[in-house]
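Dear colleague,

Please find below the structure that I am handing over to you. My findings follow it.

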Amino acid sequence: MSELIKFSSIGQFRNIVKDICEYEGPRLPTLVFHGTVKVHGTNASIVINSDETQYAQSRNNVLSTSTDNSGFSAWHQQKQALFAEYAAKIKVHENLSEQETIIVYGEWAGKGIQSGVAVSELDKFFYIFGVKVFNGEDHYWVKDVPSFVNATDICDANSIWKKSIEIDFNDPGKIQNDLIALTNLIEAECPVGKRFGVSGVGEGIVWEFIDSRGKKISFKVKGAKHSISKVKKLASIDPERIESISKFVEYAVTENRLNQGFSEICHNEADRALLGPFIRWVSNDILKEENDTLVANGLTMRDVGSALSKKARNWFFDKEFI
């Protein structure tokens with residue numbers, strides 16, 4: 001039986017700052033993070049079991065050709081031999097036995113999946129950004145992931161654009177301007193689109209640090225055009241200050257967040273049967289991404305729930321008439 005091995009969501013810079021300040025003790029670490037382009041598509045992954053069987057996943061579901069996500073499972077059916085070769089390459093790279101399961105995580109992007117970015121003009125492709133190894137209850141992220149070769153519709157993040165920054169968590173504010181400047185460069189000209197001959201907007205950058213045990217710390221910085229909340233400053237180290245419930249709804253229930261939920265839950269079709277799951281997705285995403293902002297402003301989801309649900313519901317109804 002195929003089991004969903006879910007990709008954990010990526011937080012924001014302020015979330016990482018808060019977590020490290022809480023758990024690392026009085027003298028905080030200085031860590032080197034590596035950044036790659038965040039591609040605007042839909043989360044996807046390939047699971048290669050120890051018995052060499054394979055299956056495809058979206059963020060929330062095991063996929064098949066009958067329950068697909070933008071054609072990813074159907075595409076994977078034609079690529080299994082390539083992923084078997086790649087798994088063998090990972091096993092050599094990591095000196096693995098024959099007991100491990102390998103998960104190749106990435107973004108499925110291209111025409112018809114998202115819009116408003118350079119990669120949405122490309123034919124569909126799989127953009128690999130991470131590989132995880134499982135052996136029973138043990139698991140770890142692979143450092144220095146080997147490149148994927150011999151495929152025009154598969155690429156890996158490290159081979160296209162990669163930057164390194166050093167973050168001193170005793171004074172994380174010092175790195176903000178660098179994070180903002182690099183994000184603005186990506187937003188102005190997407191390196192992934194440019195690599196394949198399309199000039200246009202990029203979404204942002206994902207920064208990650210993987211320690212010697214394979215534990216990963218990561219955060220994302222999106223450009224202003226793709227931020228799912230109306231932040232005053234990119235890569236903030238503190239939650240936004242909000243004046244009222246209506247201001248919070250304006251801040252959090254953005255066009256970008258609604259479009260993301262509409263894509264993930266409704267597959268860009270205004271099916272009234274999916275209205276409830278869509279509103280729940282919006283609420284859960286706001287709670288996940290903005291809980292610290294709620295706390296900092298003395299608000300709870302109970303306070304804002306009715307207003308954000310109303311805005312999401314009205315937005316959905318407007319989609320029915322487009």
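Is F72 buried or exposed? F72 is buried, with a relative accessible area of 1%; buried means under 20% relative accessible area, exposed over 50% and partly exposed in between, with a 1.4 Å probe and protein chains only. Please note that this is a predicted model, in which local features need pLDDT of at least 70 and side-chain atom pairs count only at pLDDT 80 or more, while totals for chains, interfaces and linings use all residues. Residues are numbered from 1 along each chain as its sequence is written, and side-chain values use heavy atoms, with hydrogens and water left out.

Aromatic residues

Rings of Phe, Tyr and Trp (for Trp, the six-membered ring) pair if their centres lie within 6.5 Å; planes under 30 degrees apart count as stacked, over 60 as edge-to-face and the rest as tilted. The count comes to 25 aromatic pairs. One of them joins F72 and W75, a stacked pair at 5.6 Å centre to centre with 25 degrees between the planes. These two residues are three apart in helix α2 (residues 72-77), about one helical turn. Helices (H or I, at least four residues) and strands (E, at least two) are DSSP runs, numbered from the N terminus.

W75 is also buried, at a relative accessible area of 11%. The ring centres of W75 and W108 are 5.0 Å apart and their planes stand at 45 degrees, so this pair is tilted. Because W75 lies in helix α2 and W108 in strand β5 (residues 101-109), the pair ties together parts that are 33 residues apart in sequence. W108 counts as buried, at 2% relative accessibility. Ring pairs link F72, W75, F83, Y86, W108, F126 and F148 into a cluster.

The sheet

Five strands form an open sheet in the order β1-β11-β10-β2-β9, with mixed pairing; two strands pair if DSSP finds at least two bridges between them. At the edges are β1 (11-12) and β9 (162-168), each of which pairs on one side only. Strand β2 (residues 30-38) pairs with strand β10 (residues 204-210) in the antiparallel sense over five bridges, and G35 stands opposite W207 in β10.

With kind regards
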